[in-house]
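Reader: I would like to learn how to read a sheet and the parts around it. Can we take one feature at a time?

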Amino acid sequence: MSKKARILILFIVVIAIGWGIGKYATPSASQEEGTSISEQNDLQGQPVATPDSSTVMGEASAEPDPTVTTSAAPEETATPHEASPVPAITVKATATRAPATNKPTNHSGNDAEQTAAEPDSITVMVNKQYKLPNHYKPTDLVYPNVPFTFTEKIEKRMMRSAAAKALEKMFAGAKSGGIYLAGVSAYRSEATQTTLFNRYVAKDGEEKARTYSAVPGHSEHQTGLSIDVSGSTGKCAAESCFGGTKEAKWLAKHASEYGFIIRYPEGKEAITGYMYEPWHIRYVGKDIATSIAKSNSTLEEYFDAIPVSK
């Protein structure tokens with residue numbers, strides 16, 4: 001072999017060795033990118049546990065504590081392995097139910113508190129079992145054009161639009177028959193009911209207070225569909241002596257013609273849960289009011305709801 005040929009072969013070998021060393025010593029761009037993606041997936045692959053947004057406390061009871069405590073932490077940017085803050089809502093109440101229709105179904109044997117499924121319905125059931133949603137307030141409150149025992153345009157003078165119109169017609173009908181009615185107390189917010197109920201508890205004790213005053217959230221006055229009425233002089237307003245007046249007798253006989261019922265009639269205390277209140281009327285519409293008046297029954301009986309005794 002000539003000297004020139006040996007030099008050429010040696011040169012080729014050197015080049016081949018140099019290429020091989022470079023190939024196995026330097027990582028490729030695709031390998032680096034793949035490693036980075038894999039590490040990122042490891043960080044995101046395990047979901048961070050998120051605390052339950054609501055906690056229900058307390059036992060099933062027909063006499064719930066309506067207090068709702070809400071606390072929310074300020075928004076923050078979540079970091080890996082750190083749960084983002086979620087508002088914590090603690091409801092000291094019992095399970096709620098939303099029936100498919102507004103008419104409550106019989107749930108005999110279960111005295112748990114229920115939340116009204118359709119609080120804006122004129123047929124909504126509100127009593128010691130059925131409550132309104134927390135802080136509920138009707139959106140169509142107006143001032144009915146009827147006389148009241150006071151002159152100020154304040155909260156308790158208001159009613160929902162449909163009830164207010166029916167009230168105006170009823171007062172006019174009574175006046176044409178020589179009966180002069182006056183409003184005493186209509187809409188009442190949850191905050192106002194809380195103040196009143198606490199005052200009655202301080203005065204008479206809770207057990208007795210519950211016989212004539214509703215726990216906040218369970219008052220029909222909060223629906224904007226109920227009103228306490230009296231004669232134009234205000235005599236016996238919201239007192240048992242009102243039952244013997246000509247105004248009370250007229251209401252018992254004619255209120256249903258305008259869509260109202262005597263919500264807590266005499267002899268039905270074990271069903272309604274409240275003492276006889278001839279002054280407290282509730283708007284439910286003419287059809288239901290007529291049916292209840294004819295059968296001498298209550299809203300609970302009309303809806304076949306369980307009796308209330310506490």
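This is a predicted model: local features need pLDDT of at least 70, side-chain atom pairs count only at pLDDT 80 or more; totals for chains, interfaces and linings use all residues.

Reader: What is the order of the strands in the open sheet?

Author: The order is E8-E9-E11-E10, an open sheet of 4 strands with antiparallel pairing. Strand E8 (181-185) and strand E10 (260-264) are the edge strands, each pairing on one side only. From one strand to the next, the twist averages 45°.

Reader: How many bridges join E8 to E9, and how many join E9 to E11?

Author: E8 and E9 run antiparallel and are joined by 4 bridges; in that pairing, Ala 182 stands opposite Ser 230 in E9. Between E9 and E11, also antiparallel, there are 3 bridges. Ile 227 has Ile 281 in E11 as its bridge partner.

Reader: Why is E9 largely enclosed by the rest of the structure?

Author: Look at burial, where the cut-off is under 20% relative accessible area. In E9, 6 of the 6 residues are buried, so the strand is largely enclosed by the rest of the structure.

Reader: Which helix lies across E8, E9, E10 and E11?

Author: That is helix H6 (residues 246-254), which runs at about 90° to E8.

Reader: What span does helix H3 reach, and what is expected?

Author: The general rule is 1.5 Å a residue. Helix H3 (residues 161-176) has 16 residues and reaches 23 Å from its first C-alpha to its last, close to the 22 Å expected. Its buried residues are Ala 163, Ala 164, Ala 166, Leu 167, Met 170, Phe 171, Gly 173 and Ala 174. After H3 comes Gly 178, with a positive phi near 80°.

Reader: How many aromatic pairs does a search of the whole structure find?

Author: The search finds 6 aromatic pairs. One of them is Phe 148 with Phe 150, a tilted pair with 5.3 Å centre to centre and 55° between the planes. Both Phe 148 and Phe 150 are buried.

Reader: Which charged end sits over the ring of Phe 150, and which over the ring of Tyr 143?

Author: Over the ring of Phe 150 sits the charged end of Lys 156, 4.8 Å from the ring centre. For Tyr 143, the charged end is that of Lys 153, 5.1 Å from the ring centre.

Conventions
Residues are numbered from 1 along each chain as its sequence is written. Side-chain values use heavy atoms; hydrogens and water are left out. Two strands pair if DSSP finds at least two bridges between them. Helices (H or I, at least four residues) and strands (E, at least two) are DSSP runs, numbered from the N terminus. Axes are lines fitted to C-alpha atoms, for helices over the stretch in contact, and angles run from 0 to 180 degrees between N-to-C directions. Contact means heavy atoms within 4.5 Å. Rings of Phe, Tyr and Trp (its six-membered ring) pair if their centres lie within 6.5 Å; planes under 30 degrees apart count as stacked, over 60 as edge-to-face and the rest as tilted. Buried means under 20% relative accessible area, exposed over 50%, partly exposed in between (1.4 Å probe, protein chains only). A charge sits over a ring if NZ of Lys or CZ of Arg is within 6 Å of the ring centre and within 35 degrees of the ring normal. The expected span of a helix is 1.5 Å times one less than its number of residues.
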